[in-house]
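Notebook open, model loaded. I'm jotting down what I look up as I go.

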Amino acid sequence: MKKSMQKGFTLIELMIVVAIIAILAAIAIPQYQTYVAKSQVSRVMSESGQIRTSVEACILDGRLDIGDAAGECDPGATGSNLVTGASQTSYTLPTGTGVPQVSPDPLTETAVITATFGGNAAAAISGGPKLVWERSTDGSWVCKTDVDAKYRPSGCTDTP
């Protein structure tokens with residue numbers, strides 16, 4: 001008598017594999033979404049932080065009106081698909097992008113750079129949260145944000 005050899009997988013073996021994959025996906029997808037949101041907050045922190053140099057130069061030169069005309073401060077912001085905000089100069093931004101808003105204070109020589117999350121930002125941070133760089137009268141900058149603590153990058157504190 002010849003025994004027949006089993007070929008392939010049984011239904012229960014396939015169901016076990018599918019269940020394991022489903023469990024792994026249920027854990028991995030939320031972790032990935034958190035990682036994406038956190039990396040986007042860090043990116044906006046970096047993009048808006050780069051404007052500090054030009055704003056600092058404008059304040060030191062006494063140019064406290066934002067714009068690109070003679071005697072005005074051009075912060076040199078480039079469009080980001082993670083930020084909402086209209087251009088503060090005559091430059092036209094590409095569709096779907098925005099720039100952080102700069103507001104220097106001529107009386108105290110302080111400044112605030114505000115980046116509002118929107119556009120292609122992750123749903124967890126889009127539509128309201130802000131990342132703010134504030135310049136004090138002594139020339140130091142501090143980062144503050146009101147995004148959830150699990151997305152907040154180190155070096156950026158909670159907005160008071």
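What share of the contacts in the protein chain with a separation of 6 or more comes from residues 24 or more positions apart? I get 41%, with contact meaning heavy atoms within 4.5 Å.

Ground rules first. This is a predicted model, where local features need pLDDT of at least 70 and side-chain atom pairs count only at pLDDT 80 or more, while totals for chains, interfaces and linings use all residues. Residues are numbered from 1 along each chain as its sequence is written, and side-chain values use heavy atoms, with hydrogens and water left out.

**Overall layout**

I find two helices and six strands in the protein chain, in the order α-α-β-β-β-β-β-β from the N terminus. The radius of gyration, taken over C-alpha atoms, is 24 Å, well over the 15 Å that the globule rule gives for 160 residues, so the protein chain is more spread out than a compact globule. (That rule is 2.2 Å times the number of residues to the power 0.38; helices are DSSP runs of H or I with at least four residues, strands runs of E with at least two, numbered from the N terminus.) The C-alpha box along the principal axes is roughly 100 × 35 × 20 Å. Of the 160 residues, 31% count as buried, meaning under 20% relative accessible area, against over 50% for exposed and partly exposed in between (1.4 Å probe, protein chains only).

**Ser-80**

I went to the loop between α2 (51-61) and β1 (83-84), where Ser-80 sits. Ser-80 counts as buried because its relative accessibility is 2%. Its side chain makes a polar contact with the side chain of Glu-47 at 2.8 Å; the term takes a pair of N or O atoms within 3.5 Å, and within protein one must be able to donate a hydrogen and the other to accept it, with residues adjacent in sequence counting only if both atoms are side-chain atoms. The Ser-80 side chain also reaches the backbone nitrogen of Leu-82 at 3.2 Å. Leaving aside neighbours within four places in sequence, I list Arg-43, Glu-47, Gly-96, Thr-97 and Gly-98 as contacts of Ser-80.

**Asn-120**

Leu-82 turns up again here: Asn-120 is 38 residues from Leu-82 in sequence, yet their C-alpha atoms are 5.2 Å apart. Asn-120 is in the loop between β3 (110-117) and β4 (130-135). Is Asn-120 buried or exposed? Exposed, because its relative accessible area is 53%. Beyond four places in sequence, Asn-120 contacts Gln-40, Asn-81 and Leu-82.
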